[in-house]
Amino acid sequence: MKNIKYLAVFPIVFSLLSCFDERYIDLPLKDLSGSIVIEGNVTDKSGPYRVKVTRSEKINATSYPKPVTDAIVVISDNHGQSDTLKYAEGEYRTTHLTTQYGDVYTLSVTVDGVTYNAMSKMPEYVEFTALKQKDIPNEYYIEKKVIPVFTDPEVKGNYYLFKSQEYSSIEKITLFSDYSVNGQVNNRTLNGTNYSKNRKVKVEMQCIDEAVYNYFKAQNNPDNPESNTTVSANPPSNISNGALGYFSAHTTVEKEIIIQ
Amino acid sequence: MIRITTSTILLSAFSYAQNIYPVSGVVKDRDTGELISGAVIKIKEKSEINVQSNEYGFYSLSLPEGDYTLLISYSNRKNDSKEIHLHETIKIDWDLIKEETLIEEVQLKKNKTVVSTRSKTGGEILDVEGISKLPVLLGEKDILKTIQYLPGISSQEGRSGFSVRGGSPDQNLMLVDEAPVFNNSHLLGFFSTFNSDALRNVTVYKGNIPSQYGGRLSSVVDVKMKEGNNQTYNVSGGLGLVSSRLSVEGPIQKGKSSFIISGRRTYADLFIPPQNGSKIKLNFYDLNAKANFQINKNNSIHLSSYFGKDVLAFEEFNNDWGNTAATLRWNSIISSKLFSNTSLIYSNYGYKTTVQNNNDEFVEIKPNIRNIGIKQDFTHYVGLKHTLRYGFQTSQYFFSTRDLPEAITSSFLRNNRTMWENALYINDDYKPNDKLFINYGLRASLFSSDRKKTDDAGNVFNKSYFNIEPRIVVGYNFNENNTLTLGYNRNTQNIYTLNSLNGALNNDLWMDVRKPQVADQINVGFTKKFNNGYELSTDVFYKKMSNLVDYKDGAAINILDNIEQNLAYNGKGRAYGLEIMAKKTTGKLTGWFSYTLSKTQRQNDEINNGGWYNASYDRTHNLSLVANYQLTPKWTLSGAFVYATGNAMTYPGAKYVIDGRGYLQYGERNGGRIPASHRLDINATYEPKTDKRFKSSWSFGIYNVYGRHNPYSISFEGNQGIVRPKQTSFVSWVPNITYNFKF
């Protein structure tokens with residue numbers, strides 16, 4: 001993600017030494033398409049909760065992945081509650097499941113006789129106190145950034161995911177852990193910058209469990225799938241049997257701020 | 001251990017009835033006074049006895065009283081002999097004459113070019129002059145590029161570093177006059193740090209590394225700088241399209257002391273047009289300087305230094321790096337049987353680079369590694385059959401990041417680290433008879449770190465580790481032309497690099513290990529010489545490594561973060577292969593063919609679901625063909641062809657969507673391969689013969705004659721949902737003209 005400038009220097013340098021050449025080539029890539037992709041969320045708000053099941057597509061396919069419609073999707077908790085989800089409009093929805101902080105939820109998806117399982121524990125609620133603006137002046141202009149205000153609990157091992165979006169621009173994801181700032185009031189800024197004055201920025205805060213944090217941390221930068229400052233690999237999924245994707249039981253609170 | 005071995009051997013020496021006297025001395029070049037290492041001294045009357053001059057030119061052998069004829073030989077030098085009557089300790093120094101001069105004088109038709117010779121323990125000794133006519137990129141003759149034509153050594157075009165027998169590039173110990181050099185490349189890897197004008201010879205050990213060397217798993221590249229001509233002043237230099245160099249050498253006191261200063265500067269950036277109105281800086285310079293003083297007949301002091309710096313700057317982006325290395329050596333002939341070398345060693349590698357922090361601001365960081373050490377080495381010619389090498393080495397490493405901006409809180413960058421490396425070693429070069437030779441020994445190494453025992457991930461390490469590294473080579477000469485060698489070697493390594501991972505780090509970053517890496521290697525080699533200058537050698541090796549470090553799957557690398565949380569420790573490695581080398585060393589056409597068939601893999605519980613995966617530099621086939629043709633006395637043509645399987649890389653095999661965003665689905669770690677690369681380079685050298693003092697030559701060359709698009713990197717780019725592989729390469733040929741002079 002960083003040092004894009006530096007990468008840009010390479011072609012220039014090479015253009016000196018000889019002609020620098022970039023071209024699309026054919027490579028004998030092993031076709032891995034058809035793998036099950038699961039995206040499941042359970043929150044502290046009331047349901048229905050949604051699970052998407054798709055299959056990965058050929059790398060040169062033009063079409064978007066189509067949903068798997070004949071899966072058996074069940075979510076249960078550690079108190080004996082169980083809910084078989086109903087398919088509608090490209091996703092599976094719970095019918096009656098209710099949630100509680102600290103409970104462990106189990107997702108089970110069966111497709112063509114293969115069952116994919118995942119577990120996620122809904123973290124305790126952490127209050128999303130406020131959003132504040134931080135102006136960082138540099139040589140040319142003032143950078144306007146946003147800080148989510150919340151107090152990290154005393155107990156170690158809290159993980160947070162923020163989705164921030166200005167107007168109609170692309171949603172940005174920011175991940176925090178309490179690794180080096182346990183128990184403190186947050187003053188880290190969210191990804192995304194150059195907000196213009198009077199624009200509304202919407203921020204969703206999620207308390208997530210460690211496995212989900214690790215999944216998103218390792219996910220390649222989606223805005224630029226070929227920027228490979230991460231080690232190319234599928235992010236560590238909490239779903240069994242080699243499925244891609246994640247299952248997350250998390251809290252959710254939304255706040256907005258008008259940029260000054 | 002030392003005492004026991006010595007006394008046993010002394011006893012065996014004393015069991016001879018006759019009096020035994022040592023013959024010793026120093027081997028030098030007549031015209032330049034340069035020391036010659038690796039010269040073979042034989043006794044005509046006792047064919048089973050032969051010794052080689054050590055790397056400081058010293059030799060010694062012991063014989064019973066009597067009359068003898070001493071014979072000396074060394075590649076490119078005229079054989080010489082001396083008759084002696086041995087009835088007391090005597091000193092015989094040799095001044096060898098270059099064979100090149102001889103060709104002109106005597107008009108010998110036999111031409112001999114030996115670029116590399118193999119020492120009996122398996123080290124390849126490269127003759128720096130011998131490589132001068134090989135084709136090179138932009139006319140810079142380059143010893144590190146030349147060794148990549150040898151079997152078992154592979155590299156990727158445009159990348160610094162090379163892999164030896166399946167090891168990673170950081171497993172090669174680069175020594176310049178005994179000081180380690182941490183970054184061996186200039187200009188994005190197109191040039192090596194070593195200016196060939198300043199070098200005397202280079203020895204490469206791929207397998208049987210003698211116990212006086214240690215600290216790296218895969219190889220030792222021991223570069224010795226010239227001492228400087230102690231007879232006359234010389235100036236030599238070259239003017240090229242993108243670089244120029246100049247060397248001055250001469251006596252400080254004739255025959256006793258000398259100096260050499262050699263410098264290089266590139267000006268590649270002169271040819272780069274400004275981009276977006278901003279000038280690009282891209283250049284390097286380096287300087288080698290050395291002086292030596294003969295204090296008396298038996299003692300000399302040598303001071304060597306190297307300084308190099310690279311500059312890369314574009315707009316607000318900066319990336320400079322530099323090596324500094326210095327050695328102060330004291331050579332002492334303690335007795336006619338005991339030679340001592342004491343070295344004080346200093347080496348520093350640092351860089352200054354601009355990175356963007358989380359707030360997209362540019363900050364400058366300066367990671368640095370520094371090494372200060374002492375090495376004491378003895379060569380002890382014990383008797384007729386034994387030569388001992390023993391000594392110790394102690395050094396301290398400092399890892400730091402100077403002048404860190406306050407905003408950077410990373411405890412990894414903030415905390416300086418230090419590390420101690422100590423070693424005791426001994427080896428015995430034992431020749432039971434004229435057919436068999438054995439070099440056996442061991443190195444005891446102690447590593448201590450000042451780090452906490454437990455790291456952030458909860459891994460527990462010791463504060464210090466002790467390792468015994470046994471090493472043995474057994475050679476058997478069936479006859480003069482057939483030699484079989486068997487070797488076993490253990491090495492440990494205490495520092496490693498995190499590679500830049502396509503720009504995530506601007507430079508390789510040196511790190512101290514948490515637990516020493518260990519490698520065990522066994523190898524078997526067979527060399528056959530044929531009558532008319534042909535030579536064939538084959539080697540088979542198997543190497544096992546442990547405690548290797550690699551990036552975890554999906555690790556996101558940012559130097560401002562705690563980098564170590566992305567690392568998986570306790571990795572294993574294995575490498576095996578077959579190497580073939582065929583040489584032709586005499587005649588108008590000389591050269592060699594080398595081929596390597598090999599496999600190198602890694603395993604780590606935290607990577608690739610614990611399964612074995614290819615190392616990125618796993619290259620199944622690696623082939624080079626190098627030829628030199630003496631067309632006329634003035635014109636020499638040369639060419640080099642290389643072919644290698646592409647590096648292993650992790651490829652995606654599908655794509656998927658999560659939360660409305662597209663992602664690539666990857667296959668197993670390094671399960672794919674970038675396309676194979678091959679290339680032909682040619683060169684012509686015109687060297688008019690003249691009796692005048694001023695000599696000059698022209699060199700014309702073309703790099704990548706047929707303009708092959710060799711892959712530099714492969715990326716995957718999405719366009720409206722369709723993801724396609726994109727290859728980046730340096731295309732087409734690069735010409736060069738260099739004018740060299742000497743007076």
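How many Å separate the centres of domain 1 of chain B and domain 2 of chain B, taken over C-alpha atoms? I find 33 Å between them.

Before going on, I note that this is a predicted model, in which local features need pLDDT of at least 70 and side-chain atom pairs count only at pLDDT 80 or more, while totals for chains, interfaces and linings use all residues. Residues are numbered from 1 along each chain as its sequence is written, and chains are lettered from A in the order in which they are written.

**Domains of chain B.** I looked up the bounds, which come from an automatic or database domain assignment, and they give domain 1 as 2-106 and domain 2 as 219-742. The contact between them (C-beta atoms, placed from the backbone, within 7 Å) takes 27 residues from domain 1 of chain B and 27 residues from domain 2 of chain B. On the side of domain 1 of chain B that touches domain 2 of chain B, the largest share, 7 residues, comes from α1(B).

**Contacts of I38(A).** I then turned to I38(A), which, leaving aside its neighbours within four places in sequence, is in contact with V51(A), V53(A), V109(A), Y116(A), I239(A), A243(A), G245(A) and F247(A).

**Confidence in chain A.** I checked pLDDT, the predictor's confidence in each residue from 0 to 100, and chain A has a mean of 83, with 85% of its residues at 70 or more. The value stays under 50 over residues 1-9 of chain A, for which the model has 18 contacts beyond four places in sequence, and also over residues 222-228 of chain A, for which the model has 16 such contacts.

Terms used. Two residues are in contact if their C-beta atoms, placed from the backbone, lie within 7 Å. Helices (H or I, at least four residues) and strands (E, at least two) are DSSP runs, numbered from the N terminus.
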